[in-house]
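Me: I want to go through a model and test each label against its cut-off. Please show it to me first.

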Amino acid sequence: MTRFAIQRHYASMQPLIDLGKRVHDAGRLEQPLILLVLMRVSQINGCAFCLDMHSKDARAAGETEQRLFLLPAWRETTLYSEREQVALQWAEELTELEGAEPVSDALYEKATKVFNEAELVDLTLLTVTINSWNRINVAARTIGGHYKPMSH
């Protein structure tokens, strides 16, 4: 059961909406990479609403079902580019913040080989933004399953 309707509080959430839009509009990250990161972080956080939204948007944008189905096991497949793999690892470490060195120096070094500084900042902001939306939707118990592709 939904606790509160997020749509009624969009005015309060406008800074978060604007941040996500700025990252998308900057054009430094490819749309397929963005959608994979949004999906993967939402999987980790168990956000049904965001998974519904981003899986439908990814399919509408031409993403294959196979890449979406295998996303939780991205390390065990060759379906993702090196840049996508680094982005997924960055997003996972930033989401989980586990271990003695979350978002490790080794990962940072790997990331700087495939992302310039502005792209890495955008990837970080993308990850922070989707983590925020996941937490809001989980707290509100927003129901997934009714999203229409590309309607946000």
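This is a predicted model: local features need pLDDT of at least 70, side-chain atom pairs count only at pLDDT 80 or more; totals for chains, interfaces and linings use all residues.

Reply: Residues are numbered from 1 along each chain as its sequence is written, and side-chain values use heavy atoms, with hydrogens and water left out.

Me: What makes up the secondary structure of the protein?
Reply: Seven helices and zero strands. Helices (H or I, at least four residues) and strands (E, at least two) are DSSP runs, numbered from the N terminus. The pattern along the sequence is α-α-α-α-α-α-α.

Me: How do you know whether the radius of gyration of the protein agrees with a compact globule?
Reply: The radius is taken over C-alpha atoms, and the globule rule is 2.2 Å times the number of residues to the power 0.38. For 152 residues the rule gives a value near 15 Å; the protein has 15 Å, so the two agree. The C-alpha atoms fill a box of roughly 40 × 30 × 30 Å along the principal axes.

Me: What span should α2 have, and what is the distance between its end C-alpha atoms?
Reply: The expected span of a helix is 1.5 Å times one less than its number of residues. With 15 residues, α2 should span 21 Å; its end C-alpha atoms are 21 Å apart, so the values agree. Just after α2, Gly46 takes a positive phi of about 65°.

Me: Why is Trp133 called buried?
Reply: Buried means under 20% relative accessible area, exposed over 50%, partly exposed in between (1.4 Å probe, protein chains only). Trp133 has 15%, so it is buried. Trp133 is found in helix α7. Leaving out residues up to four places away in sequence, it touches Ile6, Tyr10, Met13, Leu16, Ile17 and Cys50; contact means heavy atoms within 4.5 Å.

Me: What is the phi of Leu97, and what is that of Arg141?
Reply: Leu97 has a positive phi near 45°. Arg141 has a positive phi of about 60°. Neither is a glycine. Most residues other than glycine have a negative phi.

Me: What makes the pair Thr142 and Asn137 a polar contact?
Reply: A polar contact is a pair of N or O atoms within 3.5 Å; within protein, one must be able to donate a hydrogen and the other to accept it, and residues adjacent in sequence count only if both atoms are side-chain atoms. The side chains of Thr142 and Asn137 make such a contact at 2.8 Å. Thr142 itself is buried, because its relative accessible area is 17%.

Me: What makes a set of residues a nonpolar core, and which members touch the most others in the largest one?
Reply: A nonpolar core is a set of buried Ala, Val, Leu, Ile, Met, Phe, Trp, Tyr and Cys residues joined through side-chain atoms within 4.5 Å. The largest has 40 residues; Leu29, Val37, Trp90, Phe115, Leu123 and Leu126 touch the most other members. The largest share, eight residues, comes from α2.
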